[in-house]
Protein chains: 2
Amino acid sequence: MDLDEHFGDFARRDWERYDGAATVRFALIGAGWFTREWALPGIDRADHTEATVVVDVDAERAEALADDHGMTALTPAEFHDGVAETEYDAVYVCTPNATHLEYVETAAAAGKDILCEKPMEADATRAAELVETAQDAGVSLMVGYRMHLDPVVRRSKELIEAGAIGDVVQVHSNMSQRMVAELEGDASDQWRLDPDLAGGGAMMDIGIYPLNTTRFLLDADPVEVSAETGSTHEEFADVEEQVAVRSTFEGGVPVLFTANHNASHDSFLRVTGTEGQIIIDPAFFEREDRGLEVRLDGERHAIDVTNVHQLEEEFAYFADCVLAGRKPEPDGEHALLDMQAIEAIYESAETGGPVTSIGPN
Amino acid sequence: MDLDEHFGDFARRDWERYDGAATVRFALIGAGWFTREWALPGIDRADHTEATVVVDVDAERAEALADDHGMTALTPAEFHDGVAETEYDAVYVCTPNATHLEYVETAAAAGKDILCEKPMEADATRAAELVETAQDAGVSLMVGYRMHLDPVVRRSKELIEAGAIGDVVQVHSNMSQRMVAELEGDASDQWRLDPDLAGGGAMMDIGIYPLNTTRFLLDADPVEVSAETGSTHEEFADVEEQVAVRSTFEGGVPVLFTANHNASHDSFLRVTGTEGQIIIDPAFFEREDRGLEVRLDGERHAIDVTNVHQLEEEFAYFADCVLAGRKPEPDGEHALLDMQAIEAIYESAETGGPVTSIGPN
């Protein structure tokens with residue numbers, strides 16, 4: 001394995017197909033910090049994408065953003081009524097988890113393609129409904145797993161598929177942050193503490209990164225989970241502050257991961273094979289450069305990675321698929337399995353025992 | 001926290017008490033590769049220690065080693081008969097796990113202090129008997145957890161105790177090696193594949209490092225374990241080739257670890273606190289320099305560690321305790337809890353469910 005050659009054109013867009021001049025116009029559903037600080041800049045940076053409409057329950061917030069960026073501001077009611085429907089081709093849904101479905105229903109009925117944030121919904125039942133809604137309407141549904149479009153992850157996946165580290169035998173991963181400390185003085189993330197809106201705590205919010213990125217890297221799904229959840233702060237009385245999972249993936253591979261809203265900022269993913277290792281650290285925070293180390297034959301190779309704007313990649317990829325007439329991935333069915341695995345994780349934490357029924361009930 | 005100051009005199013022997021000129025003379029029980037390549041050189045390097053006797057089932061091997069190092073060679077029968085009993089003050093037991101007890105019984109009856117390799121015995125029942133044997137005879141029993149004497153671990157433990165990384169909230173760890181590949185052409189480790197002699201596979205042999213080093217660093221014990229074991233090679237038909245454990249330590253701290261005899265050579269221990277992290281990587285192999293990184297306030301500090309000869313430290317410490325008249329640690333009771341936790345891990349892997357009864361039945 002020639003690592004230099006493999007990692008040579010690091011940020012290559014292996015997914016790029018479209019070579020025309022058209023543009024996908026987006027309605028942004030939800031004008032919170034992630035939309036403002038990451039999605040909108042991503043759309044601005046990407047070719048073939050444009051943000052034309054913004055929808056928010058906070059009309060003032062929507063209008064301010066619309067003014068700044070030459071967009072049309074809509075209330076949710078106006079959006080559902082089809083106002084300005086001709087101004088956008090697709091929607092980007094970035095609202096509290098439990099409200100994704102209602103926006104997707106309207107968008108699908110109007111024939112708009114959909115890029116929906118993860119977790120896809122507040123529970124697996126609503127997520128399944130969301131998938132079905134898009135399927136029935138014949139529109140594209142991509143779920144916003146930005147790690148899939150990151151070249152650090154794509155190049156790592158290729159390396160694994162090429163057999164560079166042999167057979168994968170185990171994975172350790174973590175995503176943690178100091179949300180308790182950061183919550184003080186910032187109300188915008190408060191919905192994440194509400195089980196009705198969020199569907200859960202650390203597992204839904206950040207534990208989904210170790211889970212889903214491992215699924216993508218290994219091209220394998222969990223078949224058994226054993227988990228515990230816990231909280232030490234009153235803010236997390238209703239959703240879990242931390243989660244620890246021992247899962248088994250297809251092929252019998254143990255995948256152990258943690259997520260914690262009250263821990264030192266950290267994210268890593270460590271894939272061990274029979275012949276080597278891939279260590280992504282930092283791994284998951286959009287606002288932090290990713291790092292990559294490959295270990296082969298006892299040698300540590302610190303890879304000189306190209307850090308991309310993950311949301312630029314995500315929107316560019318989505319538009320490329322839409323314009324080239326193919327279905328974007330990760331699709332709804334892929335994302336649904338995360339929701340089902342998360343429910344199994346919650347069930348295991350509740351009952352104490354392992355859960356093996358992951359998937360449609 | 002001034003890290004430079006904390007790590008200034010890195011290899012300081014905070015345990016050193018004895019300032020006399022006496023020497024502890026050891027009978028080495030078991031002349032396998034670890035005794036020859038690590039224990040004996042450790043004794044040679046340390047002050048106040050001397051190897052005077054060697055016992056092995058292979059008389060030729062014992063005599064060859066005795067000739068090279070000016071020792072007396074004994075067969076096990078001769079040892080049990082008290083031959084050359086006046087030539088040693090203490091024994092170092094490094095034989096297949098299931099044979100530790102018989103040597104400890106003879107040594108204890110002769111009033112010799114004991115340094116016994118880990119795992120202490122092949123199961124918790126025999127381990128408890130071993131502890132009782134030493135207690136009843138009033139001799140010192142230390143179990144050979146060499147990580148406890150490594151300054152990388154001792155300085156890390158002090159840092160945790162000083163609160164430098166806040167409250168510990170989770171631990172990830174692994175120890176893995178390519179034993180399957182290394183077994184070819186080397187018969188000396190074959191007993192590790194025999195459940196009667198070894199008591200188990202990867203968990204007993206290398207999984208004990210993540211487990212025990214975490215216990216030492218956190219000064220806390222596991223209260224619940226959920227585990228799976230597996231094998232993919234015929235050599236490991238009778239003992240597990242790999243193990244994955246999700247445990248909960250006192251205080252509710254998740255500790256997730258793996259051990260694997262068929263994976264890329266790797267060892268790490270990653271302690272995450274509310275305010276920082278300590279990452280030991282490499283962590284556990286005696287033949288490999290340890291590495292240490294401390295992360296505080298988003299800054300990564302690669303610590304300039306002093307790598308010691310772990311067996312020199314271990315024997316020097318043991319002799320220091322014996323000569324200064326105090327009990328060495330880790331003692332038998334500490335080690336017994338590992339054996340009980342390992343049995344709980346095997347029980348969990350067998351039944352599928354978590355096991356909370358860790359300790360005396």
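Mentor: Start with a term: buried area is the accessible area (1.4 Å probe) that two parts lose on being put together, summed over both. The model is predicted: local features need pLDDT of at least 70, side-chain atom pairs count only at pLDDT 80 or more, and totals for chains, interfaces and linings use all residues. Residues are numbered from 1 along each chain as its sequence is written, chains are lettered from A and ligands numbered from 1 in the order in which they are written, and side-chain values use heavy atoms, with hydrogens and water left out.

Trainee: How much area do chain B and chain A bury between them?
Mentor: Contact means heavy atoms within 4.5 Å. By that rule, 42 residues of chain B touch 42 residues of chain A. Carbon and sulfur atoms make up 42% of the buried area, and the total is about 3100 Å².

Trainee: How many salt bridges cross the interface of chain B and chain A?
Mentor: A salt bridge is a side-chain nitrogen of Lys or Arg within 4 Å of a carboxyl oxygen of Asp or Glu. One example pairs B:Arg295 with A:Asp281, N to O at 2.9 Å. Over all chains the structure holds 56. Across the interface of chain B and chain A, the number is 14.

Trainee: Which element gives the most to the side of chain B that touches chain A?
Mentor: A polar contact is a pair of N or O atoms within 3.5 Å; within protein, one must be able to donate a hydrogen and the other to accept it, and residues adjacent in sequence count only if both atoms are side-chain atoms. Between chain B and chain A, 34 residue pairs are in polar contact, both at pLDDT 80 or more. Elements giving two or more residues to this side of chain B are β7 (168-178), β8 (222-230), β9, β10 (253-260), β11 (262-273) and β12 (276-280). The top contributor, with nine residues, is β11(B).

Trainee: Where is B:Ser247 found, and which backbone oxygen lies 2.8 Å from its side chain?
Mentor: Strands (E, at least two residues) and helices (H or I, at least four) are DSSP runs, numbered from the N terminus. B:Ser247 is found in strand β9 (residues 242-249) of chain B. Beyond four places in sequence, its contacts include A:Glu228 and B:Phe257.

Trainee: Is B:Ser176 buried or exposed?
Mentor: Buried means under 20% relative accessible area, exposed over 50%, partly exposed in between (1.4 Å probe, protein chains only). B:Ser176 lies in strand β7 of chain B. Its side chain makes a 3.1 Å polar contact with that of B:Asn174, and a polar atom of the B:Ser176 side chain lies 2.8 Å from the backbone oxygen of B:Ser264. At 0% relative accessibility, B:Ser176 is buried.

Trainee: How many of the 10 residues of helix α5 of chain B are buried?
Mentor: Helix α5(B) spans residues 100-109. Its buried residues include B:His100, B:Tyr103 and B:Ala107. Among the elements that cover them are β1 (24-29) and α6 (124-137) of chain B. The helix is mostly covered, and the buried count is seven.

Trainee: How many residues apart in sequence are the parts that B:Asp338 and B:Arg215 tie together?
Mentor: The closest N and O atoms of this salt bridge are 2.7 Å apart. B:Asp338 lies in helix α12 (residues 332-351) of chain B, and B:Arg215 in helix α10 (residues 202-218) of chain B, so the pair ties together parts separated in sequence. Both residues are buried. The parts are apart in sequence by 123 residues.

Trainee: B:Arg126 and B:Glu121 meet in a salt bridge. What is the relative accessible area of B:Glu121?
Mentor: Their side chains meet N to O at 2.9 Å. B:Arg126 is partly exposed, at 28% relative accessibility. B:Glu121 is buried, and its relative accessible area is 0%.

Trainee: What is the relative accessibility of B:Glu286?
Mentor: B:Glu286 forms a salt bridge with B:Arg287, with the closest N and O atoms 3.1 Å apart. B:Arg287 is partly exposed, at 46%. B:Glu286 counts as buried, at a relative accessibility of 8%.
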